Amino acid sequence: MQREELQRIKEEALKELETLKDPIQLENFRVKFLGKKGKITQALRGLKELSLEERRELGSELNQLKEYLEFEIEKKRREILLSEEEKILDLDLTLPGRRPFLGGLHPLTQVIEEVCEVFTRLGFEIVTGPEIESEYYNFTALNIPEWHPARDMQATFYLQNGALLRTHTSPIQIRTMLERKPPLRIIAPGKVYRCDADVRHSPMFHQIEGLMVDGEVSFADLKGVLAYFAREIFGEKTKLRFRPSYFPFTEPSLEMDIGCVMCEGKGCRVCGQTGWIEILGAGMVHPEVFKAVNYDITQWQGFAFGLGIERITMLKYGIDDIRLFFDNHLYFLESFK
Amino acid sequence: MRVPLSWLSEFVELKATPEEIAEILTLSGHEVEEIFDPYERLGEIITVKVLEVSAPEELRESCLCKVSDGKEVFTVLTTAKDQITVGQVLAFAKPGSLTFNHLRIDYKTVKGYRSEGCLLSPFEAGISPEKNRLLILDERVEVGRSLYEVLGIKEPVLEIAITPNRGDLLSIYGIARELHLITGWELKPLLIEEKKEAHFTFPGKIVIEDEERCYRYAGRLIKGVKVEESPFFILKRLFLCGQRPINNIVDITNYVLLELGQPLHAFDWHKIRGGEILVRRAKKGERLLFLDGREVELHPEDLVIADRERPLVLAGILGGEESAVEEHTGDVFLESAWFNSKSIRLSTQRHRITTESSYRFERKIDPEGVLLALKRATQLIGEHLCFQAISEIVDVYPKPYEAPSIYISLKQIRKLLGFEVALEKVENILQRLGEVRTKGEIYEVKPPSFRQDLTLPEDIVEEIARLYGYEQIPMTFPKAELFSSKPRPDLLFSKKIKEIFRSFGFFEVITYSFINPESLSKLNLNPQDRRLKAIALDNPISSALSIMRTTLLPGLLETARFNLHREVDNLRIFEVGKIFYPAEGLAEERETLGFLLMGRKGEALWDGKEAKHDLFDLKGILEELALILRVPLKFKPFSKEPFLKTGLSFDIYLEDQKIGFAGAMKKIIVEEFELKEPLWIAELDLDALLVCYLKTQTTLTPRKPPKFPSTFRDISCILDKFIYYETIRDFLFQLQIPYLERVEIVALYEGEPIPQGKKSISLRFWYRAEDRTLKDEEVEKIHEEVAKRLFEHFRAKPR
């Protein structure tokens, strides 16, 4: 073993190392130099024949070369393995994926959730009530006696057992007030029923009722809370308008309009050219209602409001036919996923 | 309520455009739904030029013209043969349009000649009373345009939604008065002076027998009236308000009703036997034939106007046929009264009649306007009709109206409104509203007789807010104690169920709570089944929506059908909603979950791996649900539900209570719903589930990562085909095998080479000790014992 030979092996190895492209070549290379009969292994064995000084000198150099090559081989192997998978395979990645396939909640459920969430943020509690109601809770206790023309405002479904299908969520006001003492902050979503069916009316639809009773809660507060609600649902910039109205169970009463979401107030078919769309009715709880639930009207005052979920959903998403909600066609439902 | 602005302007000075007036009214609580022009609604009435006139002999009086609108040529027949010449511009009504006097124009053929419309007279066009000539326009007028546009006729009419509390606004004058209140625009006072001596003494007698139902009854007799068509201006105003003319007397009563809001009724005087007018309650068994040809049996609570012998009119609602004014009537008795709104309302409900008159009485008329209306009608008769003499007014008014006193303080007003409204503002508004007196801090307000909606302090507050302007009132946030209650567990539960099903890839549907009895009957239920005893609607919209659902299945199946008919073959849907059963009190409402699987699972992908839903998809969903909710649901084969395939069904139990079912729908039912097999459905009583759910919520035991490895051993055996997996599992469970963590079924096989009536089953037993690694020998020993017992017990053979 001569220094020249070592030099030759080293040059050969380093030169060859540059040319290695795949794991097979790499393995051959390892065998060739570092294997049992490899050149460096042989050379190390051949050291025995040399003098102690030469042995130390060349031995150390050979070992360095061995370590170096081992390191380079490992590095090269990693490089090759990594780069090997940087190839483009024979697979069309534009094919659609296998989706985990979640379902979806009904758009009305989603909007009910959204509205309830706005009010629960203000400390309102969610309550519910029966859908089959009595005349008393649905009308009489709400200051709508049998002979009251306001009954015309709500075409009622009667049942053969003498009960009726609630025409609004307002009976929940009465039920809650009879069960509890003020102060009260409740919100009551649910199905309601009226004898009406066309593009804009469904015989079954959803309402959310709100009621707040406290010592000082006022008409100005009602405006404030409703404005907060409308802007949370329809956006910060929503234009609002409050108009006097009439409900037998509130006095004073109001209706709230929002600037038409379709035409932004310019006037279109949806808003009947007025630029405004009515979204809810509200008012200060009528003293007759407080009397019906034995609340002291000198101590308590409050407001109530009711809104139609279908209407709000239709406005929010530009839906023109209420029946779509109850047809439940998959295409429609999927769009609200 | 229709308000023609031309009529309105007779009573109040209108200082704004129709759109502005509409806005003012809307913002004051009287929503103007639209502004329209009744003339435009007549249809296509256009200007045309006469191109050609011919008079075929067989048409005799008529002639045949060809007219043009500039684009098209129309053939039209007319009797105005002598007036027509070529080159004239005339008013032409196309088929489908209406004339002012409510005639519908149509195609017609006379002796083989087809007429494609009609040439109008000024009367037919609603422009002037002239009937006997054609409406001839200036020859320079452009053809093909709307007649009314050409003539510059504009009659804007407001359609106003009047809330039920404001009966005082159901008239032109009422709206004028309200506009005056809101804007201060000058209101023309209504005063009609009559000379007493001009009137003869009323020859009859008026008696109010029921003073609770009739508060005031006034009337007078008009002799020698000629009943004929109304003067043009009355016809026009009725037309603008959408009312059909009848004859001059009836039209005048309607005119006054529209103008002043006071209903009037006209009787043929000679049909009132004995000249005696009795305001009384109907007697049992009395019948009345109405003007509209309907005959009703009267109720003892109905108020009628009767003569000595029989009822003539259902008071304030509808007149009888017999006493009506008709062509040959000579003497007319005019009634103006004030009836109890409640009693009128109950009668209209009872007989299901609503008239312009009852509508106003129900919403309360002005008690002090009763005589004014009578005088106004007399004035119109005097000025426009032929008659001989008019009697004095007889006014029976036992207990004159007294306005209530409403007491209210500034403090009260400010407290309810929630801001410091200025004192001057309040006082100014109160002055405009009615009579006001101040007693210290308290105002006493007496509203005018037409404002019977104002009775409480809160009503006054609303008026103040309204006239102050809702828009001007500030927006504040309530000052209230900070409190919040826990969300109700039942609501959270329903929400959780919905979220779980959403995560299972189901879409939520919402179907009607009322269903078709036919859908229910398709389910093959036993006649005794509780679900057939549904609560029926008294007045359903249609038979398809006529009973309250007792199960969610019909809704789910109908939804699947709707989808399948519209290109959706694969469906996973669920519904959470109430079902209803008859019960003491109102009804029993139970929150229920139903779901349906149809067709393929998941999406069809390009890899060709697709499968239809099967029983174990259905069961897996329920098992996972039970796992998530931590409720011990049991699935017992086989369900007895008569709509399920018995072999592919099970009942769902919670302890000993059946709370639902699941399975495949029977083929014939699937077909009856026009659906495709296989169709998997399930229904669960959520109320029952909730009770259990709430109890189990504390039982959660968290698992930690294993400290020591587990080891498994398999047993494969051949045993009797009818031994259920669950039986094997239960057997193994009762063996109380030490260190056994779980058992899995890893393979199940029937068929060659397994003998008939047998199956091969492979079970994997996982063993683990908590405190050490189990030794192989230890496990072997245990497992051998297990295998031995298993083989023995089930007479199984090793595979």
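This is a predicted model: local features need pLDDT of at least 70, side-chain atom pairs count only at pLDDT 80 or more; totals for chains, interfaces and linings use all residues.
Residues are numbered from 1 along each chain as written, with chains lettered from A. Local features need pLDDT of at least 70 and side-chain atom pairs pLDDT 80 or more, while totals for chains, interfaces and linings use all residues.

**Domains**

Start with chain A and colour domain 1 (3–84) and domain 2 (108–334); the bounds come from an automatic or database domain assignment. Over C-alpha atoms, the centres of domain 1 of chain A and domain 2 of chain A are 86 Å apart.

Go on to chain B, where the assignment gives domain 1 (2–38 + 155–183), domain 2 (40–151), domain 3 (196–396), domain 4 (406–470), domain 5 (489–603 + 612–696) and domain 6 (711–798). Between the centres of domain 2 of chain B and domain 4 of chain B, the C-alpha separation is 59 Å.

**Cores**

Select A:F229, B:L523, B:F643 and B:M665, which touch the most other members of the largest nonpolar core, a set of 120 residues. Such a core is made of buried Ala, Val, Leu, Ile, Met, Phe, Trp, Tyr and Cys residues joined through side-chain atoms within 4.5 Å; buried means under 20% relative accessible area, with a 1.4 Å probe and protein chains only. Helix 8 (residues 219–234) of chain A gives the most to this core, ten residues; helices are DSSP runs of H or I, at least four residues, and strands are runs of E, at least two, numbered from the N terminus.

A second, separate core has 86 residues, including B:I249, B:F267, B:A306 and B:I317.

**Helix 6 of chain B**

Show helix 6 (residues 248–260) with helix 9 (residues 370–384), both of chain B: their axes lie 10 Å apart at an angle of about 135°. Axes are lines fitted to C-alpha atoms over the stretch in contact, and angles run from 0 to 180 degrees between N-to-C directions. Contacting residues (heavy atoms within 4.5 Å) include B:I249 and B:Y255 of helix 6 of chain B and B:L372 and B:I381 of helix 9 of chain B.

**A loop residue**

Finish at B:S391, in the loop between strand 22 (389–390) and strand 23 (394–396) of chain B. B:S391 counts as buried because its relative accessibility is 0%. Beyond its neighbours within four places in sequence, B:S391 contacts B:H199, B:F200, B:T201, B:F202, B:R220 and B:L221.

Conventions: Side-chain values use heavy atoms; hydrogens and water are left out. Buried means under 20% relative accessible area, exposed over 50%, partly exposed in between (1.4 Å probe, protein chains only).
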